Amino acid sequence: MAPSFDHLRDADVDEDDYDEDEIDISDLREKYEVQLEQGYDTFVVIDGLPKVNEEQKPKLVKFLLKKLNQVGKVREDQVYMPMENGESLSFAFVEYTSAAEAAAAVRQLDMVPLDKRHTLRVNKMSDIDRYGREGRVDENYVPPKIEEFTEKEHLRSFLADPSGRGRDQFAMYRGDVVGVFWNNEKDTPENIVDRQHWTESFVQWSPLGTFLVSVHQQGVQLWGGASWSRQKRFAHPFVNMLDFSPSEKYIVTWSNRPISIPDEGHPQLSLDEDGKNYVIWDVETAKPLRSFANLDIPSTNDTHAAPAKQQPKFPWPAFKWSSDDKYVARMTQGSSISVYELPRMNLLDKTTIKIEGVMDFEWAPSTPQREGVKQYEQLFCFWTPEIGSNPAKVGLMSIPSKQIVRSLNLFSVTDAKLHWQSDATYLSVKVDRHSKSKKSQATTLEIFRIKEKGVPVEVVDTIKDTVINFAWEPKGDRFVIITTPEPTGATAVAPKTSVSFFCPEKAKGSAVGNFKHLRTLDKKNSNAIYWSPKGRFVVVATVANQQSSDLEFFDLDFEGEKPESDKDLTANLQLMNTADHYGVTDIQWDPSGRFLASWASVWKHTMENGYHVYDFKGELLREEHIEKFRQWLWRPRPATLLTKDEQKQIRKNLREYSRTFEQEDAERGASADLAVVEARRRLLDEWLAWRASVEEEVEEERLARGLPKYPIEADAKSPENGEEQVIEEIVEEVLEESEEIVP
């Protein structure tokens, strides 16, 4: 029998017989030690669990651990599930190893289904104490007050033009005033709303035109509806930039200043966002989903690497969205790409995608329907430079399977740019290559045919100069490039450029032939390409250039006679018009492709600020010089709800619709002319009435003074003026004059 405390001898407790430092109790300390400095920050409360008995409890805990360990490390003994009368109470307390893991659990596991009938609700233990402590919750139940239903404004009411003409809206920022207008072609724009100091920085439309964004020191605000009321607010202090997802479900904001949460707290942000620069928000709930800090771009120390161009310190956008709004990705330059699932913002498969040397990546702008693939996934492309003896590489990866669909090795690469066609039918990789001596440079285009089986690659290597701009035709298969023979960079005088047009050859059936050179226009100053959103028409312009400001309007489906050399090509190029807008800094097509706006912004220079509006043929409709003019932004439109068959039927009957529209335009023009004539007639009548009243006053005054009623007739009858005089005037005119020098 073991001795009790009362029967222990002094020798049994002699301190000299053992050393406390030699006793290993690390396992006990790890199991029972309480981290007092962290308080309850490492604890979370899991609600929504099924009710189980004592026998079923271990099985439920093990099943729950699979979910809990997705965001951190949790042991079975760190899950405490209270029991009452032999049955669980549908919740559990869980301890994580750090407060960051506990915060991640709340963010990523809340509202996650446990099974078909149970959904987890996860909250911080500290939040339970903060909001549910004594005095915070009324012990007597008070039913919530249900407010009366009030109909909200339709956020897409702008699609219904009250005039019935299908006009587009635009926002104009000039001075301290932001206004939204209807476009009236040649006439003065119709103002919808004008507000002083609506923004402190700039304005921006959401991708589908639902919201107008204003940027302030306190954060970002979204405005919409017929009354232009505030719809959402995202309180990101000192925000500099923002970017929407394609379907407007999410928004990312960025500030160069790290977020600092005050001691009294923040209305929308928590301590998790402290020290972060990026915040990804849910637009519907206006709540942050996750925040991130800036990443420093690593310097390249590899002496064997190609001389890649210097990348910006904080490239924008840093987070790029997939076309279906299901994923958002961020690149850590030189090492990896992190893909996050929305809306939970958890890392896909809990791992980043390691890609050594990765320099850039781009999501496909739509879900590509590839031949021979049953289940369509999202695609993104990436490229890596030459590292050591390894060649540069371009790759296509499918998400979420992370399968490499296609890769291509490249050599002698200085830089590369990735250009997706709007339907993700093609991907063009503009590759700048250097010679062995690295003294000269040229460009090739590697064109991936995404929808064809095996993703074949076509190489366009007929370009001898460096390509400085590239643009695909929207929803088409033609492209335009601008090249220069001189090295690119900052120069006092911009180098001369050439504009080249490319299109496919004609092929049988629905197949698309190889890309061929159509035409090159030399000795230009052009540096920008603007395709109409409907395709066919393109503007090649010179922007932000002190020496030139040309705009050239081209039609690639000209209905006139086609040159013999272009008979086998799918384009007929015609220059429709040229224009000049001095000091132009920005150009944008309206969403219908009928009008184009160019403007000179005070943000770039202060000379002749204002805007021009052209039709698609290049005819100047309206110009206005406005002091301190800043921005012009056409309001985007969502995709049409018409089916392809309905759109095809409209195109078939387009001439009938055109007659109706032309008649409406003529009537509107006639009514405008009639209004002008009536205004002129009214002015004439007013002038004649005034003249008659003045003549009557003069007549009365002459009679009062005894003067003749008609003084001109009286002068004519007077004897002094009775004799007629004839005055002759001789005019000498020199018909020809010559000069001879006599020696």
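In which strand does His 612 lie? His 612 belongs to strand E41, residues 610–615, strands being DSSP runs of at least two residues and helices H or I runs of at least four, numbered from the N terminus.

1. This is a predicted model, in which local features need pLDDT of at least 70 and side-chain atom pairs count only at pLDDT 80 or more, while totals for chains, interfaces and linings use all residues. Residues are numbered from 1 along each chain as its sequence is written, and side-chain values use heavy atoms, with hydrogens and water left out.

2. His 612 is buried, with a relative accessible area of 6%, where buried means under 20% relative accessible area (1.4 Å probe, protein chains only). Its side chain makes polar contacts with the side chains of Tyr 614 at 3.0 Å and Glu 623 at 3.2 Å; such a contact is a pair of N or O atoms within 3.5 Å, one able to donate a hydrogen and the other to accept it, and residues adjacent in sequence count only if both atoms are side-chain atoms.

3. Beyond its neighbours within four places in sequence, His 612 is in contact with residues including Asp 580, His 581 and Arg 622, contact meaning heavy atoms within 4.5 Å.

4. In helix H3 (residues 99–109), the buried residues include Glu 101, Gln 108 and Leu 109. The buried residues of H3 pack against several elements, among them strand E1 (43–47) and helix H2 (57–68), and just after H3, Met 111 takes a positive phi of about 70°.

Methods
Buried means under 20% relative accessible area, exposed over 50%, partly exposed in between (1.4 Å probe, protein chains only).
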